[in-house]
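Q: I'm new to this one. Can you walk me through what's in it?

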Amino acid sequence: MSVIHQSLSTSISSSTSAFLGHRYLKSIKSSDVSIPGRINGVVKCVATPSTEKTVYKTTVSRNENMGKLQAGYLFPEIARRRAAHMLKYPDAQRSYALSTVEGYTGYGAEQGEKQLRASIAKTYYENLGIEEDDIFVSDGAKSDISRLQVLFGSKVTMAVQDPSYPAYVDSSVILGQTGQFQKDVEKYGNIEYMKCTPENGFFPDLSAVRRTDIIFFCSPNNPTGYAASREQLTRLVEFAKENGSIIVYDSAYAMYVSDDNPRSIFEIPGAKEVSMEVSSFSKYAGFTGVRLGWTAIPKELLYSDGFPVAKDFNRIVCTCFNGASNIAQAGGLACVSPEGIKAMHEVVGFYKENTDIIVETFNSLGFKVYGGKNAPYVWIHFPGQSSWEVFSEILEKTHVVTTPGSGFGPGGEGFIRVSAFGHRENVLEACRRFKQLYK
Ligand SMILES: Cc1ncc(COP(=O)(O)O)c(C=O)c1O
(Lines give C-alpha, C1' and ligand atoms only; values in the text may rest on other atoms or scores of the structure.)
Protein backbone atom coordinates (compact mmCIF):
# COMPACT_ATOMS: atom_id res chain seq x y z
CA MET A 1 0.00 0.00 0.00
CA SER A 2 1.28 3.45 -0.67
CA VAL A 3 0.02 6.98 -0.21
CA ILE A 4 0.77 9.27 -3.11
CA HIS A 5 3.10 12.17 -2.33
CA GLN A 6 4.41 10.37 0.68
CA SER A 7 7.07 7.79 0.42
CA LEU A 8 5.52 4.51 1.42
CA SER A 9 8.31 2.41 0.09
CA THR A 10 8.37 -1.15 1.36
CA SER A 11 12.07 -0.78 1.88
CA ILE A 12 13.20 -1.39 5.40
CA SER A 13 16.82 -1.23 4.46
CA SER A 14 17.71 1.26 7.14
CA SER A 15 16.95 -1.38 9.73
CA THR A 16 18.78 -4.10 7.88
CA SER A 17 22.09 -2.32 7.53
CA ALA A 18 22.47 -2.95 11.24
CA PHE A 19 22.61 -6.67 10.53
CA LEU A 20 25.85 -6.41 8.60
CA GLY A 21 28.87 -7.31 10.57
CA HIS A 22 27.09 -8.08 13.86
CA ARG A 23 28.29 -11.57 13.81
CA TYR A 24 31.89 -10.64 13.26
CA LEU A 25 31.82 -7.85 15.77
CA LYS A 26 30.35 -10.17 18.35
CA SER A 27 33.28 -12.52 18.03
CA ILE A 28 35.73 -9.83 19.04
CA LYS A 29 36.68 -10.00 22.71
CA SER A 30 37.10 -6.68 24.45
CA SER A 31 40.51 -7.85 25.65
CA ASP A 32 41.62 -8.02 21.99
CA VAL A 33 41.12 -4.31 21.54
CA SER A 34 43.63 -1.97 23.04
CA ILE A 35 42.31 1.48 23.72
CA PRO A 36 44.48 4.12 25.36
CA GLY A 37 43.38 5.32 28.76
CA ARG A 38 41.50 2.18 29.79
CA ILE A 39 41.09 2.22 33.56
CA ASN A 40 39.26 -0.48 35.51
CA GLY A 41 37.17 -1.43 32.54
CA VAL A 42 36.02 2.16 31.97
CA VAL A 43 37.20 3.67 28.73
CA LYS A 44 38.60 7.15 29.21
CA CYS A 45 40.61 9.17 26.80
CA VAL A 46 42.10 11.87 28.99
CA ALA A 47 43.36 15.04 27.38
CA THR A 48 46.59 15.14 29.36
CA PRO A 49 49.41 17.53 28.44
CA SER A 50 52.41 16.13 26.68
CA THR A 51 55.30 15.27 28.97
CA GLU A 52 57.79 15.83 26.19
CA LYS A 53 60.36 18.56 26.85
CA THR A 54 59.98 21.55 24.55
CA VAL A 55 62.88 23.72 23.59
CA TYR A 56 60.96 26.92 23.82
CA LYS A 57 57.81 27.89 25.77
CA THR A 58 55.71 31.02 25.49
CA THR A 59 54.74 32.82 28.64
CA VAL A 60 50.97 32.29 28.08
CA SER A 61 49.29 30.07 30.70
CA ARG A 62 47.30 27.13 29.45
CA ASN A 63 43.55 27.43 29.97
CA GLU A 64 43.23 25.17 33.00
CA ASN A 65 39.70 24.20 31.99
CA MET A 66 41.15 22.38 29.01
CA GLY A 67 42.79 20.00 31.43
CA LYS A 68 39.38 19.10 32.87
CA LEU A 69 38.20 17.59 29.58
CA GLN A 70 37.99 13.83 29.93
CA ALA A 71 38.15 12.82 26.28
CA GLY A 72 38.67 14.05 22.76
CA TYR A 73 35.59 15.49 21.01
CA LEU A 74 33.19 12.57 20.64
CA PHE A 75 32.76 12.08 16.89
CA PRO A 76 36.36 12.43 15.70
CA GLU A 77 37.25 10.08 18.52
CA ILE A 78 34.72 7.48 17.33
CA ALA A 79 35.96 7.86 13.76
CA ARG A 80 39.55 7.41 14.89
CA ARG A 81 38.71 4.26 16.84
CA ARG A 82 36.60 2.92 13.99
CA ALA A 83 39.48 3.39 11.55
CA ALA A 84 41.91 1.72 13.95
CA HIS A 85 39.46 -1.12 14.45
CA MET A 86 38.94 -1.62 10.72
CA LEU A 87 42.68 -1.82 10.21
CA LYS A 88 42.92 -4.42 12.93
CA TYR A 89 39.86 -6.42 11.81
CA PRO A 90 39.44 -5.88 8.09
CA ASP A 91 37.13 -8.87 7.95
CA ALA A 92 34.66 -7.21 10.34
CA GLN A 93 33.03 -5.57 7.31
CA ARG A 94 32.76 -7.71 4.30
CA SER A 95 32.48 -4.83 1.85
CA TYR A 96 35.67 -3.28 3.27
CA ALA A 97 37.50 -6.58 3.06
CA LEU A 98 36.60 -6.81 -0.62
CA SER A 99 38.67 -3.69 -1.27
CA THR A 100 41.82 -5.36 0.04
CA VAL A 101 44.15 -7.81 -1.69
CA GLU A 102 43.76 -10.38 1.07
CA GLY A 103 40.00 -9.99 1.56
CA TYR A 104 38.95 -9.84 -2.08
CA THR A 105 36.85 -12.71 -3.35
CA GLY A 106 35.58 -13.19 -6.88
CA TYR A 107 33.16 -15.84 -8.10
CA GLY A 108 31.97 -18.03 -5.27
CA ALA A 109 30.12 -21.33 -5.22
CA GLU A 110 26.99 -21.12 -7.37
CA GLN A 111 25.05 -22.88 -4.63
CA GLY A 112 26.08 -20.33 -1.98
CA GLU A 113 28.62 -20.17 0.80
CA LYS A 114 28.90 -23.31 2.87
CA GLN A 115 28.46 -21.51 6.18
CA LEU A 116 25.31 -19.72 5.00
CA ARG A 117 23.81 -22.92 3.58
CA ALA A 118 24.47 -24.66 6.89
CA SER A 119 23.02 -21.76 8.91
CA ILE A 120 19.85 -21.62 6.80
CA ALA A 121 19.40 -25.39 7.21
CA LYS A 122 19.83 -25.06 10.97
CA THR A 123 17.68 -21.95 11.40
CA TYR A 124 14.69 -22.94 9.29
CA TYR A 125 14.83 -26.74 9.04
CA GLU A 126 16.38 -28.03 12.24
CA ASN A 127 15.08 -31.55 12.96
CA LEU A 128 13.27 -31.60 9.60
CA GLY A 129 15.99 -33.57 7.83
CA ILE A 130 17.12 -30.76 5.52
CA GLU A 131 20.89 -30.50 5.35
CA GLU A 132 23.43 -27.92 4.25
CA ASP A 133 23.85 -29.40 0.76
CA ASP A 134 20.07 -29.41 0.21
CA ILE A 135 20.09 -25.59 0.34
CA PHE A 136 20.73 -23.54 -2.81
CA VAL A 137 21.28 -19.89 -1.92
CA SER A 138 19.85 -17.51 -4.51
CA ASP A 139 19.31 -13.86 -5.36
CA GLY A 140 15.68 -14.19 -4.27
CA ALA A 141 12.67 -16.47 -4.50
CA LYS A 142 11.36 -14.91 -7.71
CA SER A 143 14.52 -15.75 -9.65
CA ASP A 144 14.42 -19.28 -8.26
CA ILE A 145 10.82 -19.73 -9.39
CA SER A 146 11.97 -19.02 -12.96
CA ARG A 147 15.04 -21.23 -12.62
CA LEU A 148 12.77 -24.03 -11.39
CA GLN A 149 10.59 -23.58 -14.45
CA VAL A 150 13.70 -23.90 -16.63
CA LEU A 151 14.44 -27.09 -14.70
CA PHE A 152 10.97 -28.53 -15.32
CA GLY A 153 10.90 -27.59 -19.00
CA SER A 154 7.97 -27.03 -21.29
CA LYS A 155 6.36 -30.48 -21.15
CA VAL A 156 5.13 -30.44 -17.55
CA THR A 157 1.65 -29.50 -16.39
CA MET A 158 1.15 -27.27 -13.43
CA ALA A 159 -1.39 -26.17 -10.83
CA VAL A 160 -1.58 -22.92 -8.89
CA GLN A 161 -3.71 -21.53 -6.12
CA ASP A 162 -6.20 -19.05 -7.54
CA PRO A 163 -5.45 -16.29 -6.56
CA SER A 164 -1.67 -16.52 -6.28
CA TYR A 165 1.61 -14.65 -6.72
CA PRO A 166 1.75 -14.01 -10.52
CA ALA A 167 5.32 -15.29 -11.08
CA TYR A 168 4.17 -18.95 -11.10
CA VAL A 169 1.69 -18.52 -13.94
CA ASP A 170 3.73 -16.05 -15.99
CA SER A 171 6.90 -18.17 -15.89
CA SER A 172 4.80 -21.18 -16.88
CA VAL A 173 3.47 -19.28 -19.91
CA ILE A 174 6.99 -18.19 -20.91
CA LEU A 175 8.28 -21.76 -20.71
CA GLY A 176 5.48 -22.89 -23.02
CA GLN A 177 3.67 -25.08 -20.48
CA THR A 178 0.31 -23.43 -21.19
CA GLY A 179 -2.18 -22.82 -23.92
CA GLN A 180 -3.50 -19.40 -24.96
CA PHE A 181 -5.16 -16.98 -22.56
CA GLN A 182 -8.89 -17.60 -22.56
CA LYS A 183 -10.57 -14.24 -22.18
CA ASP A 184 -13.99 -15.60 -21.17
CA VAL A 185 -12.61 -17.30 -18.05
CA GLU A 186 -9.50 -15.13 -17.60
CA LYS A 187 -7.30 -18.24 -17.48
CA TYR A 188 -4.44 -19.73 -19.51
CA GLY A 189 -5.21 -23.07 -21.09
CA ASN A 190 -3.58 -26.14 -19.53
CA ILE A 191 -3.01 -24.57 -16.10
CA GLU A 192 -5.01 -26.03 -13.24
CA TYR A 193 -6.35 -23.10 -11.20
CA MET A 194 -7.09 -24.29 -7.65
CA LYS A 195 -9.75 -21.91 -6.43
CA CYS A 196 -9.15 -20.50 -2.92
CA THR A 197 -12.10 -18.49 -1.64
CA PRO A 198 -13.81 -17.73 1.67
CA GLU A 199 -16.25 -20.57 0.83
CA ASN A 200 -13.52 -23.23 0.99
CA GLY A 201 -11.49 -21.51 3.72
CA PHE A 202 -8.88 -20.50 1.12
CA PHE A 203 -7.77 -24.10 0.72
CA PRO A 204 -8.58 -25.85 -2.58
CA ASP A 205 -11.06 -28.68 -2.81
CA LEU A 206 -8.47 -31.28 -3.86
CA SER A 207 -11.15 -33.75 -4.94
CA ALA A 208 -11.95 -31.32 -7.78
CA VAL A 209 -8.32 -30.66 -8.76
CA ARG A 210 -6.97 -32.31 -11.92
CA ARG A 211 -3.63 -34.13 -11.62
CA THR A 212 -0.61 -32.06 -12.66
CA ASP A 213 3.14 -32.67 -12.56
CA ILE A 214 3.88 -29.55 -10.55
CA ILE A 215 1.82 -27.87 -7.82
CA PHE A 216 2.86 -24.35 -6.82
CA PHE A 217 1.60 -23.73 -3.31
CA CYS A 218 2.26 -20.61 -1.26
CA SER A 219 1.54 -20.45 2.47
CA PRO A 220 1.00 -17.97 3.99
CA ASN A 221 -0.44 -16.95 0.67
CA ASN A 222 0.13 -13.79 -1.24
CA PRO A 223 -2.43 -12.23 -1.77
CA THR A 224 -5.05 -13.81 0.53
CA GLY A 225 -2.83 -13.80 3.61
CA TYR A 226 -4.13 -17.23 4.47
CA ALA A 227 -1.85 -19.87 6.05
CA ALA A 228 -2.73 -23.53 5.50
CA SER A 229 -3.15 -25.72 8.57
CA ARG A 230 -1.15 -28.85 9.35
CA GLU A 231 -4.13 -31.00 8.46
CA GLN A 232 -4.62 -29.23 5.12
CA LEU A 233 -0.95 -29.53 4.21
CA THR A 234 -1.02 -33.19 5.16
CA ARG A 235 -3.85 -33.62 2.66
CA LEU A 236 -1.85 -31.71 0.04
CA VAL A 237 1.19 -33.95 0.54
CA GLU A 238 -1.03 -37.06 0.31
CA PHE A 239 -2.62 -35.67 -2.85
CA ALA A 240 0.82 -35.07 -4.40
CA LYS A 241 1.93 -38.57 -3.44
CA GLU A 242 -1.17 -40.21 -4.90
CA ASN A 243 -0.60 -38.33 -8.16
CA GLY A 244 3.17 -38.53 -8.28
CA SER A 245 3.34 -34.71 -8.38
CA ILE A 246 6.01 -32.32 -7.11
CA ILE A 247 4.97 -29.49 -4.76
CA VAL A 248 6.92 -26.24 -5.05
CA TYR A 249 6.15 -24.70 -1.68
CA ASP A 250 6.72 -20.95 -1.40
CA SER A 251 7.42 -20.01 2.22
CA ALA A 252 8.40 -16.37 1.62
CA TYR A 253 6.09 -15.30 4.48
CA ALA A 254 6.62 -18.21 6.87
CA MET A 255 8.04 -16.03 9.65
CA TYR A 256 4.70 -14.20 9.75
CA VAL A 257 2.93 -17.34 10.99
CA SER A 258 2.03 -16.66 14.60
CA ASP A 259 -0.12 -19.69 15.39
CA ASP A 260 0.54 -23.43 15.18
CA ASN A 261 0.29 -23.65 11.38
CA PRO A 262 3.41 -25.07 9.71
CA ARG A 263 6.19 -22.73 8.65
CA SER A 264 7.68 -25.28 6.28
CA ILE A 265 6.19 -28.03 4.13
CA PHE A 266 8.89 -30.31 5.53
CA GLU A 267 7.04 -30.29 8.87
CA ILE A 268 4.58 -32.64 7.19
CA PRO A 269 5.58 -36.33 7.37
CA GLY A 270 6.49 -37.68 3.93
CA ALA A 271 6.78 -34.20 2.39
CA LYS A 272 10.45 -34.63 1.49
CA GLU A 273 9.57 -37.22 -1.17
CA VAL A 274 7.20 -34.87 -2.97
CA SER A 275 8.26 -31.30 -2.20
CA MET A 276 10.81 -28.58 -2.47
CA GLU A 277 10.67 -25.15 -0.85
CA VAL A 278 11.58 -21.66 -2.06
CA SER A 279 12.06 -18.86 0.42
CA SER A 280 13.54 -15.43 0.89
CA PHE A 281 15.01 -12.85 3.24
CA SER A 282 13.01 -10.12 1.42
CA LYS A 283 10.06 -10.02 3.79
CA TYR A 284 11.92 -10.95 6.96
CA ALA A 285 14.90 -8.62 6.82
CA GLY A 286 13.95 -6.00 4.25
CA PHE A 287 16.22 -7.64 1.66
CA THR A 288 13.90 -6.71 -1.23
CA GLY A 289 16.76 -4.62 -2.60
CA VAL A 290 19.72 -6.53 -1.18
CA ARG A 291 18.38 -9.72 -2.84
CA LEU A 292 18.85 -13.03 -1.06
CA GLY A 293 16.77 -16.18 -0.88
CA TRP A 294 17.11 -19.92 -1.12
CA THR A 295 15.59 -23.14 -2.40
CA ALA A 296 15.66 -26.34 -0.35
CA ILE A 297 15.50 -29.59 -2.33
CA PRO A 298 15.64 -32.81 -0.32
CA LYS A 299 17.68 -35.76 -1.58
CA GLU A 300 14.53 -37.86 -1.31
CA LEU A 301 12.82 -35.95 -4.14
CA LEU A 302 13.28 -38.07 -7.28
CA TYR A 303 12.09 -38.06 -10.87
CA SER A 304 10.21 -41.04 -12.28
CA ASP A 305 13.54 -42.58 -13.40
CA GLY A 306 14.96 -42.27 -9.88
CA PHE A 307 17.25 -39.34 -10.71
CA PRO A 308 17.48 -36.78 -7.85
CA VAL A 309 15.75 -33.48 -8.67
CA ALA A 310 18.41 -31.62 -6.64
CA LYS A 311 21.18 -32.86 -8.95
CA ASP A 312 19.46 -31.42 -12.00
CA PHE A 313 18.71 -28.19 -10.17
CA ASN A 314 22.39 -27.98 -9.28
CA ARG A 315 23.16 -28.20 -13.00
CA ILE A 316 20.63 -25.44 -13.77
CA VAL A 317 22.03 -23.20 -11.05
CA CYS A 318 25.59 -23.72 -12.29
CA THR A 319 24.50 -22.86 -15.83
CA CYS A 320 22.09 -19.97 -15.20
CA PHE A 321 23.50 -18.33 -12.09
CA ASN A 322 26.89 -17.30 -10.74
CA GLY A 323 25.93 -17.28 -7.09
CA ALA A 324 24.36 -14.64 -4.87
CA SER A 325 26.41 -11.50 -4.19
CA ASN A 326 29.03 -12.19 -1.55
CA ILE A 327 28.03 -8.99 0.28
CA ALA A 328 24.36 -10.09 0.35
CA GLN A 329 25.46 -13.49 1.63
CA ALA A 330 27.41 -11.81 4.46
CA GLY A 331 24.18 -9.98 5.28
CA GLY A 332 22.26 -13.27 5.16
CA LEU A 333 24.71 -14.84 7.56
CA ALA A 334 24.16 -11.93 9.94
CA CYS A 335 20.38 -12.43 9.56
CA VAL A 336 20.58 -16.01 10.80
CA SER A 337 22.85 -15.16 13.75
CA PRO A 338 21.04 -14.97 17.12
CA GLU A 339 20.95 -11.13 16.95
CA GLY A 340 19.78 -11.25 13.33
CA ILE A 341 16.94 -13.68 14.09
CA LYS A 342 15.81 -11.41 16.93
CA ALA A 343 15.97 -8.38 14.61
CA MET A 344 13.97 -10.23 11.92
CA HIS A 345 11.27 -11.09 14.47
CA GLU A 346 11.13 -7.40 15.41
CA VAL A 347 10.74 -6.40 11.75
CA VAL A 348 7.98 -9.00 11.28
CA GLY A 349 6.35 -7.84 14.54
CA PHE A 350 6.29 -4.24 13.33
CA TYR A 351 4.51 -5.17 10.11
CA LYS A 352 2.09 -7.38 12.00
CA GLU A 353 1.11 -4.31 14.05
CA ASN A 354 0.53 -2.44 10.78
CA THR A 355 -1.60 -5.38 9.64
CA ASP A 356 -3.72 -5.18 12.81
CA ILE A 357 -4.35 -1.47 12.17
CA ILE A 358 -5.54 -2.21 8.62
CA VAL A 359 -7.71 -5.17 9.71
CA GLU A 360 -9.33 -3.10 12.47
CA THR A 361 -10.02 -0.25 10.06
CA PHE A 362 -11.85 -2.38 7.51
CA ASN A 363 -13.64 -4.38 10.21
CA SER A 364 -14.91 -1.17 11.77
CA LEU A 365 -16.24 -0.14 8.35
CA GLY A 366 -18.26 -3.35 8.10
CA PHE A 367 -16.25 -5.09 5.36
CA LYS A 368 -15.58 -8.83 5.19
CA VAL A 369 -11.87 -8.93 5.93
CA TYR A 370 -9.62 -11.97 5.43
CA GLY A 371 -5.94 -12.79 5.93
CA GLY A 372 -3.80 -10.55 8.06
CA LYS A 373 -3.35 -12.99 10.93
CA ASN A 374 -0.35 -14.87 9.57
CA ALA A 375 0.73 -12.57 6.75
CA PRO A 376 1.39 -8.90 6.01
CA TYR A 377 -1.56 -8.84 3.59
CA VAL A 378 -5.21 -8.05 4.21
CA TRP A 379 -7.73 -9.38 1.69
CA ILE A 380 -10.93 -7.35 1.56
CA HIS A 381 -14.12 -8.39 -0.15
CA PHE A 382 -16.20 -6.00 -2.26
CA PRO A 383 -18.98 -8.38 -3.37
CA GLY A 384 -20.38 -7.71 -6.82
CA GLN A 385 -17.74 -5.10 -7.66
CA SER A 386 -14.78 -5.37 -9.99
CA SER A 387 -11.36 -5.27 -8.30
CA TRP A 388 -10.08 -2.68 -10.78
CA GLU A 389 -13.09 -0.43 -10.16
CA VAL A 390 -12.52 -0.57 -6.41
CA PHE A 391 -8.81 0.04 -6.91
CA SER A 392 -9.54 3.09 -9.10
CA GLU A 393 -12.10 4.53 -6.71
CA ILE A 394 -9.72 4.23 -3.76
CA LEU A 395 -6.89 5.75 -5.76
CA GLU A 396 -9.04 8.60 -7.08
CA LYS A 397 -10.64 9.50 -3.76
CA THR A 398 -7.90 8.75 -1.22
CA HIS A 399 -4.68 8.75 -3.27
CA VAL A 400 -3.81 5.42 -1.70
CA VAL A 401 -2.48 2.61 -3.90
CA THR A 402 -3.89 -0.85 -3.18
CA THR A 403 -3.67 -3.99 -5.34
CA PRO A 404 -6.65 -5.28 -7.33
CA GLY A 405 -7.33 -8.89 -6.43
CA SER A 406 -8.04 -9.97 -10.01
CA GLY A 407 -4.37 -9.29 -10.84
CA PHE A 408 -3.61 -12.51 -8.94
CA GLY A 409 -5.98 -14.65 -10.95
CA PRO A 410 -9.70 -14.84 -11.67
CA GLY A 411 -10.34 -16.07 -8.12
CA GLY A 412 -9.26 -12.65 -6.84
CA GLU A 413 -12.05 -10.78 -8.62
CA GLY A 414 -14.11 -8.69 -6.21
CA PHE A 415 -11.24 -8.36 -3.72
CA ILE A 416 -8.47 -5.88 -3.08
CA ARG A 417 -5.21 -6.60 -1.27
CA VAL A 418 -3.93 -4.06 1.23
CA SER A 419 -0.29 -4.48 2.15
CA ALA A 420 1.11 -3.73 5.60
CA PHE A 421 4.60 -2.98 4.27
CA GLY A 422 4.88 0.72 5.00
CA HIS A 423 5.89 3.32 7.52
CA ARG A 424 3.53 3.47 10.49
CA GLU A 425 2.50 7.08 9.88
CA ASN A 426 1.61 6.28 6.28
CA VAL A 427 -0.46 3.26 7.28
CA LEU A 428 -2.32 5.37 9.84
CA GLU A 429 -2.88 8.13 7.29
CA ALA A 430 -4.12 5.63 4.68
CA CYS A 431 -6.52 4.11 7.22
CA ARG A 432 -7.79 7.57 8.17
CA ARG A 433 -8.57 8.17 4.48
CA PHE A 434 -10.25 4.74 4.11
CA LYS A 435 -12.49 5.68 7.05
CA GLN A 436 -13.41 8.96 5.40
CA LEU A 437 -14.23 7.23 2.13
CA TYR A 438 -16.32 4.38 3.50
CA LYS A 439 -17.89 5.83 6.68
C1 LIG B 1 4.83 -15.38 -2.56
C2 LIG B 1 6.06 -14.67 -2.97
N3 LIG B 1 7.11 -15.39 -3.38
C4 LIG B 1 8.24 -14.80 -3.78
C5 LIG B 1 8.36 -13.43 -3.78
C6 LIG B 1 9.62 -12.81 -4.28
O7 LIG B 1 10.60 -12.85 -3.32
P8 LIG B 1 12.06 -12.31 -3.63
O9 LIG B 1 12.11 -10.87 -3.25
O10 LIG B 1 12.95 -13.16 -2.77
O11 LIG B 1 12.35 -12.51 -5.08
C12 LIG B 1 7.30 -12.64 -3.37
C13 LIG B 1 7.40 -11.18 -3.39
O14 LIG B 1 6.49 -10.43 -3.22
C15 LIG B 1 6.12 -13.28 -2.95
O16 LIG B 1 5.05 -12.59 -2.56
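A: Let's start with a term. A cavity is a set of grid points where a 1.4 Å probe fits but cannot get out. This is a predicted model, and a search of the whole structure finds 1 cavity of 30 Å³ or more.

Q: What volume does the largest cavity have?
A: About 40 Å³.

Q: And which residues line the largest cavity?
A: The lining consists of Q161, F202, F203, F217, C218, S219, N221, T224, Y226 and A228.

Q: How many of those are nonpolar, polar or charged?
A: The lining of the largest cavity has 6 nonpolar residues and 4 polar ones. No charged residue is among them.

Q: OK, zoom out. How many helices and strands does the protein have?
A: There are 14 helices and 17 strands. The protein has 439 residues, and 48% of them count as buried.

Q: What share of the contacts join residues at least 24 apart?
A: Take contacts between residues at least 6 apart in sequence: 70% of them join residues at least 24 apart.

Q: Now the sheets. In what order do the 7 strands of the open sheet come?
A: The order is β4-β12-β11-β10-β9-β5-β8, with mixed pairing. At the edges are β4 (135-138) and β8 (191-195), and each pairs on one side only. From one strand to the next, the twist averages 20 degrees.

Q: How do β11 and β12 run, and how many bridges join them?
A: They run antiparallel, with 4 bridges between β11 (residues 275-280) and β12 (residues 293-296). S280 stands opposite G293, which is in β12.

Q: Which strands does helix α5 lie across?
A: Helix α5 (residues 114-125) lies across β4, β11 and β12, at about 110 degrees to β4. Helix α8 (residues 230-243) also packs on the sheet. Helix α8 touches β9 (214-218) and β10 (246-250), and its direction makes about 170 degrees with that of β9.

Q: Pick a residue in α8. Is A240 buried or exposed?
A: A240, which lies in helix α8, is buried, because its relative accessible area is 0% and buried means under 20%.

Q: What is A240 in contact with, beyond its neighbours within four places in sequence?
A: With those neighbours left aside, A240 is in contact with I215, S245, I247 and V274. A240 and I215 are 25 residues apart in sequence, and their C-alpha atoms are 8.0 Å apart in space.

Q: Back to sheets. What order do the 4 strands of the other open sheet take?
A: β13-β14-β17-β16, with antiparallel pairing. β13 and β16 (403-404) each have a single partner strand, so one side of each is left without a neighbour in the sheet.

Q: How many bridges pair β16 with β17?
A: 2 bridges, in the antiparallel sense, with β17 covering residues 415-419. T403 has R417 in β17 as its bridge partner.

Q: Which helices pack on this sheet?
A: Helix α12 (residues 338-364) touches β13, β14 and β17, and its direction makes about 10 degrees with that of β14. Helix α13 (residues 387-398) touches β16 and β17, at about 45 degrees to the direction of β17.

Q: Last one: how do β13 and β14 pair?
A: Strand β13 (residues 368-371) and strand β14 (residues 377-381) pair in the antiparallel sense over 4 bridges. G371 stands opposite V378 in β14. Their hairpin has 5 residues between the strands, and G372 takes a positive phi near 85 degrees there.

Methods: Residues numbered from 1 in each chain as written. Predicted model: local features only at pLDDT ≥ 70, side-chain atom pairs only at ≥ 80, totals over all residues. Heavy atoms only, no water. Pairing = 2+ DSSP bridges. Axes fitted to C-alpha atoms, helices over the stretch in contact; angles between N-to-C directions. Contact = heavy atoms within 4.5 Å. 1 Å grid on protein atoms, 1.4 Å probe; cavity = no way out; pocket = protein on both sides within 12 Å on 5 of 7 lines; lining within 4 Å. Points joined across faces, edges and corners; volume = space filled by probe spheres on them. Nonpolar A, V, L, I, M, F, W, Y, C, P; charged D, E, K, R; others polar. Buried < 20%, exposed > 50% of the residue type's maximum accessible area, 1.4 Å probe, protein only.
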